[in-house]
Amino acid sequence: MKVGIIFGSKSDLDVMKGAADCLRKFGVEYSAHVLSAHRVPELLEETLINFEKDDYGVIIAGAGLAAHLPGVIASKTTLPVIGVPIKSAIEGLDALYSIVQMPKSIPVATVGINNSYNAGMLAVEILAVANKELKEKLKEFRKEMKEDFKKNIHVEL
């Protein structure tokens, strides 16, 4: 299964690269798209239809300001949507609140402001539920992460 990464503006590219970095680390295929829920809603809808046809399993959607993109996507597909609030006005809190406060029955999983890497990790975890190879990669990653952390527990002050 693949992951779709969608964000509303080219200016969001640097923030959203974290998701791609994470997915590459785990060997998860993805595609990235600059699409706007307001400027090109028809193209967004067409892309979502293609995602459902082309074996996509999760969508990561980044948005700032009013941050409608993740919610609009969630309203048009049954694929899980992970929202990445992007820092813009009021330190990104506006985007965070917009994404996390979805109406009942149209959920959007939400990660921290500008934390697209965690969106990638959550996508990997979602896909790993039905993919034994990916699940093993995730287990190995967690094991290595713990070992690396333990190497630095004693510090000089």
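How do the residues of the lining of the second largest pocket divide into nonpolar, polar and charged? I counted six nonpolar, two polar and three charged, with Ala, Val, Leu, Ile, Met, Phe, Trp, Tyr, Cys and Pro as nonpolar, Asp, Glu, Lys and Arg as charged, and the others, Gly among them, as polar.

I worked on a predicted model, where local features need pLDDT of at least 70, side-chain atom pairs count only at pLDDT 80 or more, and totals for chains, interfaces and linings use all residues. Residues are numbered from 1 along each chain as its sequence is written, and side-chain values use heavy atoms, without hydrogens and water.

**Second largest pocket.** I noted a volume of about 160 Å³. A pocket here is an open set of points on a 1 Å grid over the protein atoms alone, where a 1.4 Å probe fits, with protein on both sides within 12 Å along at least five of seven lines; lining residues have an atom within 4 Å of a point. Helix H6 (residues 132–150) gives the most to this lining, with three residues; helices are DSSP runs of H or I, at least four residues, and strands runs of E, at least two, numbered from the N terminus.

**Neighbours of S1.** I saw six bridges to parallel S3 (residues 56–64), where Lys2 has Tyr56 as its bridge partner.

Technical notes. Two strands pair if DSSP finds at least two bridges between them. Grid points are joined across faces, edges and corners, and a volume is the space filled by probe spheres set on the points.
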